[in-house]
Amino acid sequence: MKLIMLGPPGSGKGTQAAMLKDKLGIPAISTGSILRSEIAAGTDIGLKADGYISRGELVPDDIILDIIERRFKQPDCEKGYILDGFPRTIAQAQALKERAEIDAVVVLNIRDDVIIKRMSGRRICKKCDAAYHIESKPTKKEGVCDLCDGAIYIRADDVPETVKNRLDTYHKLTEPLLDFYNDKLRKVENYNGIDAVFNDILETLGV
Ligand code: AMP
């Protein structure tokens, strides 16, 4: 199965993609997560992407398509994948269409004011990029990732001013994808807690 998770930053795409990955046995591919490891490793791609990310802007399409191209070649993608944070522009969606037939696009609906509140409590693992929240999904041990014992930090682009830019960018450049994928959309309301939302996603996908 080939899925896209679509929704504004902070809508829970990454959390739900990780749960779907375990359920469906296919990889969850997060372009944001790949970019953060490129930045941490100080690669050329990381150096190019860093400024865009910290300003809350999109990284240019050619860099993203290069990352995706390489990731799709890995053998774990053969049975399908869950795309989290890609595509984010019409140009990316068109490029993806030439490479793959997507089965469904899960849209996580959530209001901007709820996102802004949620983002202030978001925490990320420095080592494996797993996402937590101080209220809805705290780590078992404070400051330490449940999965890999990595250190927990606040993403630089989760500060309120950058979150606002990321939301504006979403509405302007990514929301048009709702029309692009019109016939594949599976809309899920995202206000009811992580497990309830997950069940709604499974139901709408029929898995
Ligand atoms: P995310 O972890 O998905 O919230 O992504 C973090 C940041 O990485 C975004 O705000 C963008 O700056 C960049 N990014 C991630 N995926 C893409 C993409 N598909 N196209 C452009 N920029 C992206």
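1. Lys184 counts as buried because its relative accessibility is 17% (buried means under 20% relative accessible area, with a 1.4 Å probe and protein chains only). The residue sits in the loop that joins α8 (177-180) to β8 (185-189); helices (H or I, at least four residues) and strands (E, at least two) are DSSP runs numbered from the N terminus.

2. This is a predicted model, in which local features need pLDDT of at least 70 and side-chain atom pairs count only at pLDDT 80 or more. Side-chain values use heavy atoms, without hydrogens or water.

3. The Lys184 side chain reaches the backbone oxygen of Ile102 at 2.9 Å. Beyond neighbours within four places in sequence, Lys184 is in contact with Glu101, Ile102, Asp103, Ala104 and Val105 (contact means heavy atoms within 4.5 Å).

4. Helix α4 (residues 61-72) packs on helix α5 (residues 90-99) at about 25 degrees, the axes being 10 Å apart. Axes are lines fitted to C-alpha atoms over the stretch in contact, and angles run from 0 to 180 degrees between N-to-C directions. The two helices are therefore roughly parallel (angles under 35 degrees). Asp61, Ile64, Leu65, Glu69 and Phe72 of α4 meet Ala91, Gln92, Ala95, Leu96 and Arg99 of α5. These residues divide into 6 nonpolar, 1 polar and 3 charged (Ala, Val, Leu, Ile, Met, Phe, Trp, Tyr, Cys and Pro are nonpolar; Asp, Glu, Lys and Arg charged; the others polar).

5. Helix α1 (residues 13-24) and helix α9 (residues 194-205) pack at about 55 degrees, with axes 10 Å apart.

Notes:
Residues are numbered from 1 along each chain as its sequence is written. Angles under 35 degrees count as roughly parallel, over 145 as roughly antiparallel, 65 to 115 as roughly perpendicular and the rest as oblique. Buried means under 20% relative accessible area, exposed over 50%, partly exposed in between (1.4 Å probe, protein chains only). A polar contact is a pair of N or O atoms within 3.5 Å; within protein, one must be able to donate a hydrogen and the other to accept it, and residues adjacent in sequence count only if both atoms are side-chain atoms.
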